[in-house]
Amino acid sequence: MFADDTECLKEINSPQDSDLLQEDLDQLVEWCNTSLLRFNARKCVLLRFGPEIPPHSYSVHGDTIPLCTSCRNLGVLLTRDLSWSSHIASILAKAYRSLGLIKRVVPYSSSVNLKRSLYLSLVKCHLSYCSPVWRPHLLQDIRKIESLQRRATKYITAHQKDYKSRLIATKLLPVSLWLEAQDVLLLVKLMLDPPSGFSLEKYITFTVSCTRASSSNQIKSSRLLIPRLNVTRHFFFNRVVRIWNSLPYIDLQVPYSSIKKHIFNIFWQYFLQSYSIDNPCSWCIACPCANCSSLPNPSCKQITLFPA
């Protein structure tokens, strides 16, 4: 037996920190030996985020851990520059293979509902896994993900309408808006039922402390999360603040299923009323581009909502 999916993390600011990290590794090895487990040194990798001065090598069972520029952790490809382009390319390759399989097996003459169901269950599922972690902010990555659904909707509808018309016909949100909705749903889950030992207040703070009953209560990022790098500005707890503060009223006292339906109704009405294929800044409620991010929080509070 081996101890799989084990991480040992530490912020390195001095040689003493490097020594402490090696001590942590030694203690893990000792615990594994006591528990009759063993780390497979050939599968161990060292991934540095940012520069480590001076560089330091680490070992497990006397074997030096090789330094790498990327590694996969629980299905998500991490890189030392915190870019998600490699992970997006990886999941898109899987999604395209699944879409190609569906096209070969299920003829174009099949019903729209059948092809849509197959797309959602076998293709789009690749985009849903851990999406709040890796949701793209670069336009090139957003275009690549959206092109997958463009191709899928052409197959589902079996005729060449424009992309927005195909989405309306199949009742699908653009992937960029759908991923944004996933961010909001995760935030709602963290508000309603946070995991044991998790404190949401460490990451965001509420400007109205008396209640969390609605999204009319504005939120802001914790001081600990003030982004020092451009890439960290787009991390989940930084970007979700702009999205949440732009939404209309959301009643968190109703069942989660009703909240979810209401949130998707908000995004669907925004899509119908504001989404433009030719304007990338309309592809998200809170556009991640540098120009839009520097503006005050966007607002879709004035969109006309209809019963879901």
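Since the model is predicted, local features need pLDDT of at least 70 and side-chain atom pairs count only at pLDDT 80 or more, while totals for chains, interfaces and linings use all residues. Residues are numbered from 1 along each chain as its sequence is written, and side-chain values use heavy atoms, with hydrogens and water left out.

So, the big picture. The protein has 11 helices and 8 strands; these are DSSP runs, helices being H or I with at least four residues and strands E with at least two, numbered from the N terminus. Of its 308 residues, 42% are buried, meaning under 20% relative accessible area with a 1.4 Å probe and protein chains only (over 50% is exposed, in between is partly exposed). As for contacts, that is, heavy atoms within 4.5 Å, residues 24 or more positions apart account for 62% of those with a separation of 6 or more.

Let's look at helix H6, residues 139–157. H6 has 19 residues and spans 26 Å from first C-alpha to last, close to the 27 Å expected; that expectation is 1.5 Å times one less than the number of residues.

H2 and H6 pack at about 5°, axes 10 Å apart; the axes are lines fitted to C-alpha atoms, for helices over the stretch in contact, and angles run from 0 to 180 degrees between N-to-C directions. That makes H2 roughly parallel to H6, given that under 35 degrees counts as roughly parallel, over 145 as roughly antiparallel, 65 to 115 as roughly perpendicular and the rest as oblique. On the H2 side, Leu92, Tyr96 and Leu99 are among the residues involved, and on the H6 side they include Ile145, Leu148 and Tyr155. By class, this contact has 10 nonpolar, 3 polar and 4 charged residues. Here Ala, Val, Leu, Ile, Met, Phe, Trp, Tyr, Cys and Pro count as nonpolar, Asp, Glu, Lys and Arg as charged, and the others, Gly among them, as polar.

Now for another pair: H8 and H9 pack at about 100°, with axes 10 Å apart, and are therefore roughly perpendicular to each other. Their contact includes Val184 and Leu187 of H8 and Ile243 and Trp244 of H9. It has 11 nonpolar, no polar and 3 charged residues.

On to the cores. A nonpolar core is a set of buried Ala, Val, Leu, Ile, Met, Phe, Trp, Tyr and Cys residues joined through side-chain atoms within 4.5 Å. Which residues touch the most other members of the largest one? Leu187, Trp244 and Phe267 do, out of 58 residues. H8 gives the most to this core, with 11 residues. A second, separate core of 12 residues includes Ile12, Cys32, Leu37 and Tyr58.

Last stop, Gln22 in helix H1. Gln22 is buried, at 14% relative accessible area. Beyond residues up to four places away in sequence, Gln22 touches Ser57, Tyr58 and Ser59. Gln22 and Ser57 are 35 residues apart in sequence and 8.9 Å apart in space, C-alpha to C-alpha.
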